[in-house]
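Try each task yourself before you read its solution.

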Amino acid sequence: MRITDAKVIVTCPGRNFVTLKIVTEDGVSGVGDATLNGRELAVASYLTEHVAPALIGRDAARIEDTWQYLYKGAYWRRGPVTMSAIAAVDTALWDIKGKVAGLPVYQLLGGRSREGVTVYGHANADTVDDVLVEVARYADLGYKAVRVQTGVPGLDTTYGVSGDKLFYEPADAAIASEATWSTEAYLNSVPGVFARVREEFGPGLKLLHDVHHRLTPIEAARLGKSLEPHALTWIEDPVPAELQEGFRLIRQHTTTPIAVGEVFNTIWDCEQLVREQLIDYIRATVVHAGGITHLRRIFDLAGLYHVRTGSHGATDLSPVCMAAALHLDIAVPNFGLQEYMRHTPETDAVFPHGYRFEDGYLHPSEEPGLGVDIDEELAAQYPYRPAALPVNRLLDGTMHSW
Ligand code: CS2
Ligand code: MG
């Protein structure tokens, strides 16, 4: 079953998405997400110039061999651009394999390990009073887990807080906008927020919080300790993860669980964190971590060390990525949680899909393959618009992680 076409589709139904569509000589097609927020055209060009020509004529059934060919054959290994491109090919080939087999992809991964995929939503607002209303909204929709972000007194904008509550998207300007940050103000405000949320919603609701790579290990340790009375399910990305041994310091001081990995691209980015049991949840995703084939490998490694999955699921990952993630989530033994930010109706229309939300769970499609597609005609009506993620400075002007 030879590959006859590999097409890169860039579309912007409210935000940019890059999709790879692979077609075989038998007319079977598969789709893969290749979206890298704020750097979309780098991946599109990598695919068009360097990957698509090498795919033509290859056997679509050889998923592992194609993965190794693209990874080892690139010489310049790893990195978000390369790994998102490989992920798109891998995902599309799994889609094709499922369609040829007449089975949803999760069946090819070993079948169901659970009845549904528990997801968490994003409650965010400037003030504590307003965020309580948002948490209630998610609880009413049936969510069992909610991520809570609020504004920080004294800062104009804060990561994770947006005007549009359901469809948060931070990449808003062609040239990156600038935010400011104060660790002191942040550390002073967060514990009070969670005290109020716990008081209002009791112990049953899973609560999460994203630190977005902004602290040092000892600051993160203080945060984790101060949140212990409120029993969070996790704090996410407490520090940038380049220096993985830094997590040992956090671990020595707090029992608040830690989730890391949305910017990871390969198993080598989390190997030490997992092997030393420095984290509790691994948040790598299908699109940025080399596709279903490689993410499965990461999840299996994590399972050996009591680390559960908690995949990234922001709106900058397309419904194609979400569909693929759900097949893995339902199948792997060490699933933990799946992030689920809803896509806009425009995006859902461009990517018709069979997965569905019900009572706090997402359910993968039962159609053969991934159960997601791209409406190419509709996609063509939404041309690419440059949009960059913000950058971040301390109050004195020093650059800081966003
Ligand atoms: C985030 C993302 O969902 C999350 O946890 O950290 O919203 C992240 O900021 C974006 O995916 C960046 O594109
Ligand atoms: Mg995050």
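## Exercise 1: the ligand and its pocket

Ligand 1 sits in the largest pocket. Keep in mind that this is a predicted model.

**Task.** Which residues are closest to ligand 1, and how does its shell divide into nonpolar, polar and charged residues?

**Solution.** 
- Step 1: Collect the residues with a heavy atom within 4 Å of the ligand. For ligand 1 there are 15 of them, and N37, H212, E236, E262 and E339 are the closest.
- Step 2: Sort the shell by type. Seven of its residues are charged, four are polar and four are nonpolar.

## Exercise 2: polar contacts and burial

**Task.** How far from an oxygen atom of ligand 1 is a polar side-chain atom of E339, and what percentage of the ligand's exposed area does the protein bury?

**Solution.** 
- Step 1: Look for pairs of N or O atoms within 3.5 Å.
- Step 2: From a polar side-chain atom of E339 to an oxygen atom of ligand 1 the distance is 2.5 Å. For H212, an N or O atom of the side chain is 2.8 Å from a ligand oxygen. For H312, the distance to a ligand oxygen is 3.0 Å.
- Step 3: Turn to area. Ligand 1 alone exposes 340 Å², and the protein buries 95% of that.

## Exercise 3: a hairpin

**Task.** How many bridges pair strand β1 with strand β2, and which residue in their hairpin has a positive phi?

**Solution.** 
- Step 1: Find β1 at residues 3-11 and β2 at residues 17-24; eight bridges pair them in the antiparallel sense.
- Step 2: Check one bridge: I3 is partnered by T24 in β2.
- Step 3: Move to the five residues between the strands, where G14 has a positive phi near 105°.

## Exercise 4: an open sheet

**Task.** In what order do the three strands of the open sheet with mixed pairing lie?

**Solution.** 
- Step 1: Strands of a sheet can pair either parallel or antiparallel.
- Step 2: The order here is β6-β15-β16, with β6 (178-181) and β16 (399-400) as edge strands, each pairing on one side only.
- Step 3: Two bridges join β15 (residues 391-394) to β16 in an antiparallel arrangement, and R393 has M399 of β16 as its bridge partner.

Note on methods:
Residues numbered from 1 in each chain as written. Chains lettered and ligands numbered in written order. Predicted model: local features only at pLDDT ≥ 70, side-chain atom pairs only at ≥ 80, totals over all residues. Heavy atoms only, no water. Pairing = 2+ DSSP bridges. Helix = DSSP H or I, 4+ residues; strand = E, 2+ residues; numbered from the N terminus. Polar contact = N/O pair within 3.5 Å; in protein donor to acceptor, adjacent residues only side chain to side chain. Areas by Shrake-Rupley, 256 points an atom, 1.4 Å probe, with all protein chains shown as cover. 1 Å grid on protein atoms, 1.4 Å probe; cavity = no way out; pocket = protein on both sides within 12 Å on 5 of 7 lines; lining within 4 Å. Sits in = over half its atoms within 2 Å of the grid points. Nonpolar A, V, L, I, M, F, W, Y, C, P; charged D, E, K, R; others polar.
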